Amino acid sequence: MRGPLTPAPPRRRPWPTFLLHERPRPDRIRNRPGAWWLAVGTVCFGAFMGQLDASIVTLTYRGLRTEFHAPLAAVEWVSLAYLLALVALLVPMGRLADAHGRKLLYLYGFVVFTAASAACGLAPTLGALVGFRVVQAVGAAMMQANSVALVATSAPRDRMRTALGVQAAAQALGLALGPTVGGALVSTLGWRWVFGINVPIGVVALVAGHYLLPRTRSRNTARSFDWPGLALLALATTAALLGVSAASGLAVPGWGAAVLFAVALAAGWGFVVRQGRAATPLLDLALLRLRPVAAGLVGALCGYLVLFGPLVLVPVVLTGAGSSELAAGLVLTALPAGFAVAATGADRLLPHGMSDRGRCVVGAALCAGTLGVLLVVPLGAVWLTPLLAVLGVGLGVFTPANNTLIMGAVPSSSSGTGGGLVNMARGLGTALGVALVTLALHLSMGYGARLALVLLLAAAALAALAAWCSPRATRV
């Protein structure tokens, strides 16, 4: 019998409740002087995996077309379905994390992403693979929506810039290694291992996150969310990209493509009307009336279109000419490698007094000039490797400066919304890069690669024009 001063044993939460609460870090980890570096390193797993997955999948297209006897317009949805789901879910996942805990959603994101990756590697049909990619995007959204916040809350304030730089380096590394790793896996083990490689990395990151990530200290449960607006946006983007895919050779009747474009226009108009009337809109239209924000978002969309378009074009061109996926991946690595070098080293190479607007114009102009050269030279490894590296340098100069222009013009009270706008523009640009290159290859079989380069050149020129027309940003 327990005495009057004997403490009662601690009550354990029922297991469903236990699964909805963040676990604290062990004391011996939390009290270490460099514990925040352990948390930042854990987040880098997610940053690396997300960008690796974004750039690795295009190397599987030829294997998927062969195994499932499908056209390129159908196979591209292995990428597009993932991108569309990711774009649609980034903002709501961030809102859920604010209410229930960033560590909690980040770890569950790894669970979903890792399990879906295993399912993708075992997919029996192309339709099943596309479906599993959507599930994979749910997990990726849970991770990406919380990664920056976890880094910012883990690192000391005076080391935050360094911590965010490390995370950016992990993203660049994943983007750079994707084509080479993907080419090596497809050439040796087969396309299924492109997804299987995520499983061991995900398991390690999940265990590390459980022990090394800090709990969420402050939460916000009062913010509502514009679910009808999200549904209209998802419908508009999905219908538009399905329409492009139908025009690219997807097995859809001609009238079906027209219906898809009509649905996209109607849903897009409905989205704009909804945003003007909703009490808490998904997008604050007042922000879009700010010239630096509007011009910067156009630039962000065009920049990522130019970045990801070659990830589809180059493997198709080189493997079609007889090169292996590994060789194509090695050539393609020059693009993200140039991007990473410029993004991390531009401050040391460019004039110190050059404005962000000037950097945007220079970076976008370099991209346009490089794509112009690609239009007139043979599309072989000898020319592609150095020119893709230069294209990556231009994008690496343009993208950080463009993001600074956008966030510098957004009021401090709307920084979260501004960040969401940038992520959505990037995702839509990525999806358009995949879709438009596929459309060009389908419409002009003899000159499809040149037509794709013309589209990419037009996007780079539009990014340069948007930057030129943008005034110097000032924080409101």
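**Exercise 1.** Which residues in H18 meet which residues in H21?

*Solution.* The model is predicted. On the H18 side, the residues in contact include Arg357, Cys360, Val361, Ala364, Ala368, Leu371 and Leu375. On the H21 side, the partners include Arg450, Leu453, Leu457, Ala460, Ala464, Ala467 and Trp468.

**Exercise 2.** Work out how helices H18 and H21 are oriented relative to each other.

*Solution.* Step 1: Two packed helices are described by the angle between their axes and the distance between the axes. Step 2: H18 covers residues 356-376 and H21 covers residues 448-469; the angle is about 165° and the axes are 8 Å apart. Step 3: Angles over 145 degrees count as roughly antiparallel. H18 and H21 are therefore roughly antiparallel to each other. Step 4: The crossing in which H18 passes H21 is left-handed.

**Exercise 3.** Check the length of H21 and locate its buried residues.

*Solution.* Step 1: H21 has 22 residues, which at 1.5 Å a residue should span 32 Å. Its end C-alpha atoms are 32 Å apart, which agrees. Step 2: The buried residues of H21 include Ala449, Ala452, Leu456, Ala459, Ala463 and Ala466. Step 3: Down the axis of H21, the buried residues fall within an arc of 160°, so they line one face of the helix.

Notes. Residues are numbered from 1 along each chain as its sequence is written. This is a predicted model: local features need pLDDT of at least 70, side-chain atom pairs count only at pLDDT 80 or more; totals for chains, interfaces and linings use all residues. Side-chain values use heavy atoms; hydrogens and water are left out. Axes are lines fitted to C-alpha atoms, for helices over the stretch in contact, and angles run from 0 to 180 degrees between N-to-C directions. Helices (H or I, at least four residues) and strands (E, at least two) are DSSP runs, numbered from the N terminus. Angles under 35 degrees count as roughly parallel, over 145 as roughly antiparallel, 65 to 115 as roughly perpendicular and the rest as oblique. A crossing is left-handed if the near helix is turned anticlockwise from the far one by less than a right angle, and right-handed if clockwise. Contact means heavy atoms within 4.5 Å. The expected span of a helix is 1.5 Å times one less than its number of residues. Buried means under 20% relative accessible area, exposed over 50%, partly exposed in between (1.4 Å probe, protein chains only). The arc is that of the directions from the helix axis to the C-beta atoms.
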